[in-house]
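Q: Could you show me how to read the pockets of a model, beginning with the make-up of a lining?

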Amino acid sequence: MSSHENEHRTSGGVPVTDELVQRSADQADAGYGPAALRRRGGRPPLGSGPADVVPVRLDPELRAALASRADSEHTSASDVIRQALRAWLDVA
């Protein structure tokens, strides 16, 4: 068996070595500041505040029409629903 068969890698493809493990342990022992622990990424905010998820039941025909519209507009079903609600409720 070659040495590469048991080689572990990070999610970025970097080989995990004893040196890398020690360096990571030393950094953890030294502690992390709030900026290092801050959440990054995720979904972008919608509107003026955090968005709520509102489950809605759709019959098969309405779901198919929604999927077709989203497809034709190259967008998501959620975006089509938001656009429709804004237009129907006259909200910007």
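A: By class, the lining of the largest pocket holds 15 nonpolar, three polar and four charged residues, where Ala, Val, Leu, Ile, Met, Phe, Trp, Tyr, Cys and Pro count as nonpolar, Asp, Glu, Lys and Arg as charged, and the others, Gly among them, as polar. This is a predicted model, in which local features need pLDDT of at least 70 and side-chain atom pairs count only at pLDDT 80 or more, while totals for chains, interfaces and linings use all residues. Residues are numbered from 1 along each chain as its sequence is written, and side-chain values use heavy atoms, with hydrogens and water left out.

Q: What volume does the largest pocket have, and which residues lie nearest its centre?

A: A pocket is an open set of points on a 1 Å grid over the protein atoms alone, where a 1.4 Å probe fits, with protein on both sides within 12 Å along at least five of seven lines; lining residues have an atom within 4 Å of a point. Points are joined across faces, edges and corners, and a volume is the space filled by probe spheres set on them. Here the volume is about 920 Å³, and of the 22 lining residues, Leu46, Ala51, Asp52, Val53 and Arg82 lie nearest the centre.

Q: Which element gives the largest share of the lining of the second largest pocket?

A: Helices are DSSP runs (H or I, at least four residues), numbered from the N terminus. In the second largest pocket, of about 290 Å³, H4 gives the largest share, five residues, and the lining divides into nine nonpolar, one polar and one charged.

Technical notes. Helix = DSSP H or I, 4+ residues; strand = E, 2+ residues; numbered from the N terminus.
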